[in-house]
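Try each task yourself before you read the solution.

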Amino acid sequence: FTTLNSERALLMQRVSAISGLEVFASDANFFLVRVVGEPGVATVHSRLLIDGIAVKNFHRPSTPLDSCLRISVGKPEENVALVESLATIMTS
């Protein structure tokens, strides 16, 4: 449980540091991220899948879930891969 909390906090902090992403606080083993910049939520979702990283696309236009992805906290190495992939996608 403590490991999950620390991994979640670290992952949320790292994702928050990526320009164009807005992270919503969570006490669960997942959290929501809104893609607020280019390349857009659909592109981010598909490119993550191409990189072998599965996240849930919660995008619902004109709702509070507009442009949102749900990210589950994984193993430390999975979390690092996610952050690296997101950083590359958001800066390319």
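**Exercise 1.** In what order do the four strands form the open sheet, and how are they paired?

*Solution.* Keep in mind that this is a predicted model. Step one: trace the sheet from one side to the other, and you get β1-β2-β4-β3. Step two: check the pairing, which is antiparallel. Step three: look at the edges, where you'll find β1 (21-23) and β3 (56-57). Each has a single partner strand, so one side of each is left without a neighbour in the sheet.

**Exercise 2.** Find how many bridges join β3 to β4, and work out which residue stands opposite Lys-56.

*Solution.* First, locate β4 at residues 68-72; two bridges join β3 to this strand.

**Exercise 3.** Is Val-35 buried or exposed?

*Solution.* Begin by placing Val-35 in strand β2 (residues 30-35). Its relative accessible area is 6%, and buried means under 20%, so Val-35 is buried. Then check what Val-35 touches: among the residues beyond four places away in sequence are Leu-21, Val-44 and Met-90. Finally, compare sequence with space: Val-35 and Cys-68 are 33 residues apart in sequence, with their C-alpha atoms 6.3 Å apart.

Key
Residues numbered from 1 in each chain as written. Predicted model: local features only at pLDDT ≥ 70, side-chain atom pairs only at ≥ 80, totals over all residues. Heavy atoms only, no water. Buried < 20%, exposed > 50% of the residue type's maximum accessible area, 1.4 Å probe, protein only. Contact = heavy atoms within 4.5 Å. Pairing = 2+ DSSP bridges.
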